[in-house]
Amino acid sequence: MQELSETDYAILRASENIVDGIAAMYGEHTEVLIHSLDASNPSITKIANGHITGRSVGAPITNLALMKLNAGQDISDSYLTKSPDGKTLRSITIVIRNAQNDAIGLLCINSNLDAPFQSVMATLFPGLVPQADTSFSPETFARSNDEMMQTSIESVRAQVMADNSLSPSKKNREIVIRLNELGIFNLKDSAQIAAKGLDISIHTIYRYLRELKSA
């Protein structure tokens, strides 16, 4: 370990969103944290779901974290540990490096294997509870921009057409509004593709977009 510079700390701060993102993805049963490797104060600088091990920002680095650092792997194999209150954790440690390739921090992930199965499933699949809520995010996992646009248009079109609160005359405009909110019309040839998919003229697409900009 070495004394960290302001640039090193800036890298660690920039990594804090990763902590929150992983915690949001896997839920309350997964602890995610960043250890600073500052020689003068090697400690936790960011933590999510610290209730799993009872730690908070400022807690010292663990001996096992140092062992993983010295093992020479930037991404450790997963391993089992025990929390202070006896929970079985599946863990992984990832080294954070600066532009000089110096190790300046550790990203650590600890999942509670003893958490109740139903609670884990409810966290990982919130859409399954309640069963009546079958709505999904419009995210599209496509292999090309054209495929992404086509899939997005079909998805949004199906949602709007199923919305009985909208009159038939307003549905195409609503589809264009939702596609615009997704940023579809920032892509090349998107208006032409949307016009073909909705079976309306490209001039109608442009008119709807002008109305949105002037609203």
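Me: Before we start, what does buried mean here, as a relative accessible area?
Reply: Buried means under 20% relative accessible area, and in this predicted model the residues that count as buried make up 37% of the 215 residues in the protein chain.

Me: How confident is the prediction, going by mean pLDDT?
Reply: The mean pLDDT of the protein chain is 84, and 89% of the residues reach 70 or more.

Me: Where does pLDDT stay under 50?
Reply: That is the case over residues 129–136, and for this segment the model has two contacts beyond four places in sequence.

Me: OK, on to the fold. How many helices and strands are there?
Reply: The protein chain has eight helices and five strands, and along the sequence these follow the pattern α-α-β-β-α-β-β-β-α-α-α-α-α.

Me: Let's do strands. How do E1 and E2 run, parallel or antiparallel?
Reply: Strand E1, residues 30–36, and strand E2 run antiparallel and are joined by four bridges, with histidine 35 standing opposite isoleucine 44 in E2.

Me: Is E2 mostly covered or uncovered?
Reply: Strand E2, which comprises residues 44–48, is mostly covered, since four of its five residues are buried.

Me: What about E3, which residues are on its covered face?
Reply: In strand E3, residues 79–82, the covered face carries Tyr79 and Thr81, whereas Leu80 and Lys82 lie on the uncovered one.

Me: And how does E3 pair with E4?
Reply: E3 pairs with strand E4, residues 88–97, in the antiparallel sense over four bridges, and within that pairing threonine 81 has leucine 89 as its bridge partner. The two strands form a hairpin with five residues between them, and glycine 86 in the turn has a positive phi of about 95°.

Me: Which residues of H6 are buried?
Reply: Those are Lys171, Glu174, Ile175, Val176, Ile177 and Leu179.

Me: What follows H6?
Reply: Glycine 183 follows the helix, and its phi is positive, near 85°.

Me: Last one, serine 190. Which helix is it in, and is it buried or exposed?
Reply: Serine 190 is found in helix H7, residues 190–198, and counts as buried because its relative accessibility is 4%, against a limit of 20%.

Me: What does the serine 190 side chain reach?
Reply: The side chain of serine 190 reaches the backbone oxygen of isoleucine 184 at 3.3 Å. Leaving aside neighbours within four places in sequence, serine 190 is in contact with Met149, Ile184 and Phe185.

How values were computed:
Residues are numbered from 1 along each chain as its sequence is written. This is a predicted model: local features need pLDDT of at least 70, side-chain atom pairs count only at pLDDT 80 or more; totals for chains, interfaces and linings use all residues. Side-chain values use heavy atoms; hydrogens and water are left out. Buried means under 20% relative accessible area, exposed over 50%, partly exposed in between (1.4 Å probe, protein chains only). A polar contact is a pair of N or O atoms within 3.5 Å; within protein, one must be able to donate a hydrogen and the other to accept it, and residues adjacent in sequence count only if both atoms are side-chain atoms. Contact means heavy atoms within 4.5 Å. pLDDT is the predictor's confidence in each residue, from 0 to 100. Two strands pair if DSSP finds at least two bridges between them.
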